Amino acid sequence: MRYVWLDEYLLGKAGVTKDFKEEWNWIRYQIGGKMFAALCLGDDDKPYYITLKLEPSEGDFLRQQYEDIVPGYYMNKVHWNSVRPDGEVPDDLLKDLLDKSYQLVLKGLSKKKQKEIMEENMAKSSVYFTSFKATGQENLLQKLHRLMKTAGFETIDFKEKYAAIKIHFGEYGNLAFLRPNYARVVADYVKELGGKPFLTDCNTLYVGSRKNALDHLETAYVNGFSPYQTGCHVIIGDGLKGTDEAIVPIDGEYVKEAKIGQAIMDADILISLTHFKGHEMAGFGGALKNLGMGSGSRAGKMEQHCDGKPSVNQAACVGCGACQKICAHEAPEIADGKAAINHDKCVGCGRCLAVCPKDAIAADFHDSIAVLNCKIAEYSYAVCKGRPCFHISLICDVSPNCDCHAENDIPIIPDVGMLASFDPVALDQACADLCNQMPPIAHSVLDENIKEHQEEGEHDHFHMTHPDTEWKSCIAHAVKIGLGTNEYELVQI
Ligand code: SF4
Ligand code: SF4
């Protein structure tokens with residue numbers, strides 16, 4: 001059988017047990033006592049079929065695409081499918097199908113049973129940490145390399161693989177973004193291990209210096225992320241106008257199909273390199289924000305911020321009709337020299353935002369913060385699923401706002417350190433916990449808000465900095481959908 005990883009992969013899932021059903025000659029993999037996958041053995045005891053459950057429409061579609069996927073062997077032919085163990089179905093696809101089968105059967109269990117399984121199997125993730133203290137023997141760049149090595153970076157097979165390093169290049173005028181020197185450490189390390197790294201981010205929804213690939217590249221270079229400095233190229237993930245996207249089906253609670261920058265999804269391996277700081281909508285900008293919102297195409301970002309449909313600021317509109325021309329759905333309607341978007345026709349593709357010469361079209365930011373956070377978690381899941389990922393966050397220059405701002409106010413807390421983990425959820429939780437142990441910096445927004453609210457005791461620094469935000473719903477939802485855990489062990493190196 002070509003899928004030698006199958007047994008280990010299935011047993012690695014929460015709550016999975018296996019047994020051998022002698023009468024059928026099947027190895028069955030079960031969750032909560034219900035089978036979700038089986039390795040059916042032939043008369044010679046060699047693998048004959050791998051059987052799994054799918055939504056009927058997906059099963060039907062895949063059977064038409066792959067000769068090696070057939071209706072379930074000795075199972076209900078509508079819901080079950082069998083995969084030939086030496087056929088042409090790619091490993092990544094089979095893993096994805098097994099994940100779906102697991103989720104389908106898990107969702108069919110009682111809520112109580114699901115909770116029991118998840119709680120029993122909530123293992124702690126390791127998050128590796130080092131401070132910004134440095135000596136003549138080891139500078140910060142060498143320290144970052146050691147942190148990554150200790151955290152298991154070399155366990156990823158990089159040979160001949162494309163590795164996307166997801167980073168924020170900083171808006172022009174902002175000075176809090178991560179120094180390109182850190183990106184170089186990561187890129188060089190990927191190359192050392194035989195991989196092909198590139199730095200990437202997607203275009204912004206709003207007006208600024210990164211709203212299309214040309215401006216974005218220019219800003220990245222001006223901010224120091226040139227190939228001469230970082231040792232690798234920059235590829236803007238969602239193309240010239242933010243419309244080059246991959247549709248990633250995830251069937252989440254809030255997002256059915258995530259719209260992710262194509263170049264980011266094309267990479268074999270994903271590394272997030274995050275500047276951990278405050279954020280005016282999400283509370284803080286950590287790994288999940290970098291991955292989920294940051295990897296969304298223009299339509300993906302709109303979907304996370306709102307129901308995906310933009311509106312026109314009529315005062316700015318000059319009635320040029322560019323939005324009408326680009327729209328495939330006849331949604332922009334012009335009357336009396338002003339455009340308005342008919343939301344019954346609009347599908348939220350975001351193309352009109354890119355062409356408006358007056359920047360009169362903008363997304364409606366009306367979803368609640370909690371929903372925004374849950375969507376960020378689901379987008380992060382879409383970006384990470386099915387491929388090796390590694391996450392690094394540096395807690396330095398903790399500005400109150402995102403690096404999307406064209407300015408950066410004084411930091412709210414002192415620099416903390418560098419962290420790395422395979423689990424982006426545990427990483428964000430660890431970063432938030434470490435930040436909350438720090439004293440506020442005098443005269444920062446945090447310090448001023450603490451004084452204004454006369455709170456000297458326990459409080460959350462990020463909530464205190466932006467009282468309309470809360471970040472915990474993002475972490476809680478990420479845990480719920482299986483992206484990671486907020487239980488972690490902090491390993492000091
Ligand atoms: S492209 Fe912009 S300025 Fe032109 S009609 Fe549409 S909204 Fe108005
Ligand atoms: S978002 Fe897309 S569908 Fe909606 S009005 Fe703009 S171009 Fe048309």
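Trainee: Is Asp 45 buried or exposed in this model?
Mentor: This is a predicted model, and within it Asp 45 is found in the loop between S3 and S4. Because Asp 45 has 8 other C-beta atoms within 10 Å, the class it falls into is exposed.

Trainee: What is the phi of Asp 45, and in what setting does this residue stand?
Mentor: Strands S3 and S4 form a hairpin with five residues between them, and Asp 45 belongs to that turn. Its phi is positive although the residue is not a glycine, and the value is near 65°.

Trainee: Which residue of S4 is the bridge partner of Ala 38?
Mentor: Strand S3, covering residues 34-41, runs antiparallel to S4, and five bridges join the two. Among the pairs that link these strands, the partner of Ala 38 in S4 is Thr 51.

Trainee: Which residue of S6 is the bridge partner of Thr 51?
Mentor: Strand S4 (residues 47-53) also pairs with strand S6 (residues 80-83), in the antiparallel sense and over four bridges. Along this pairing, Lys 53 has Trp 80 as its partner in S6. For Thr 51, the partner in S6 is Ser 82.

Trainee: How many residues of S4 are buried?
Mentor: A residue is called buried when 20 or more other C-beta atoms lie within 10 Å of its own. Strand S4 is largely enclosed by the rest of the structure, because the number of its seven residues that are buried is five.

Trainee: What is the order of the strands in the open sheet, and which strands stand at its edges?
Mentor: The sheet is open, has six strands and shows antiparallel pairing, in the order S1-S2-S3-S4-S6-S5. Two of these strands have a single partner strand each, so one side of each is left without a neighbour in the sheet, and these edge strands are S1 (16-21) and S5 (69-71). From one strand to the next, the twist averages 25°.

Trainee: Which helix packs on the sheet, touching S5 and S6?
Mentor: The direction of this helix makes about 130° with that of S5, and the helix, made of residues 56-65, is H2.

Trainee: Is Asn 25 exposed, partly exposed or buried?
Mentor: Asn 25 lies in the loop between S1 and strand S2 (26-31), and its phi is near 60°, a positive value in a residue other than glycine. Because 14 other C-beta atoms lie within 10 Å of Asn 25, the class is partly exposed.

Trainee: How many residues of helix H14 are buried?
Mentor: Helix H14 (residues 369-384) has 16 residues, and from its first C-alpha to its last it reaches 23 Å, close to the 22 Å expected at 1.5 Å a residue. Just after H14, Gly 386 takes a positive phi of about 75°. The helix itself is mostly covered, and of its 16 residues the number buried is 13.

Trainee: At what angle do the axes of H11 and H14 cross?
Mentor: On the side of H11 the contact is made by Gly 300, Glu 303, Gln 304 and His 305, and on the side of H14 by Leu 372, Lys 375, Ile 376 and Tyr 379. Sorted by class, this contact has three nonpolar, three polar and two charged residues. The axes of helix H11 (residues 298-305) and H14 come within 8 Å, and their crossing angle is roughly 140°.

Trainee: With which residues is Ala 267 in contact, leaving aside its neighbours within four places in sequence?
Mentor: Ala 267 has its place in the loop between helix H9 (262-266) and strand S13 (269-275), and it counts as buried because it has 22 C-beta neighbours inside 10 Å. Although Ala 267 and Ala 163 are 104 residues apart in sequence, their C-alpha atoms are 5.6 Å apart in space. The contacts of Ala 267 are Tyr 162, Ala 163 and Ala 164.

Trainee: How far apart do the C-alpha centres of domain 2 and domain 3 lie?
Mentor: The protein chain is divided into domain 1 (6-120), domain 2 (130-197 + 219-231 + 243-297 + 373-492) and domain 3 (310-363). Between the C-alpha centres of domain 2 and domain 3, the distance is 34 Å.

How values were computed
Residues are numbered from 1 along each chain as its sequence is written. Chains are lettered from A and ligands numbered from 1 in the order in which they are written. This is a predicted model: local features need pLDDT of at least 70, side-chain atom pairs count only at pLDDT 80 or more; totals for chains, interfaces and linings use all residues. Two strands pair if DSSP finds at least two bridges between them. Axes are lines fitted to C-alpha atoms, for helices over the stretch in contact, and angles run from 0 to 180 degrees between N-to-C directions. Two residues are in contact if their C-beta atoms, placed from the backbone, lie within 7 Å. The expected span of a helix is 1.5 Å times one less than its number of residues. A residue is buried if 20 or more other C-beta atoms lie within 10 Å of its own, exposed if 12 or fewer, and partly exposed in between; C-beta atoms are placed from the backbone. Domain bounds come from an automatic or database domain assignment. Ala, Val, Leu, Ile, Met, Phe, Trp, Tyr, Cys and Pro count as nonpolar, Asp, Glu, Lys and Arg as charged, and the others, Gly among them, as polar.
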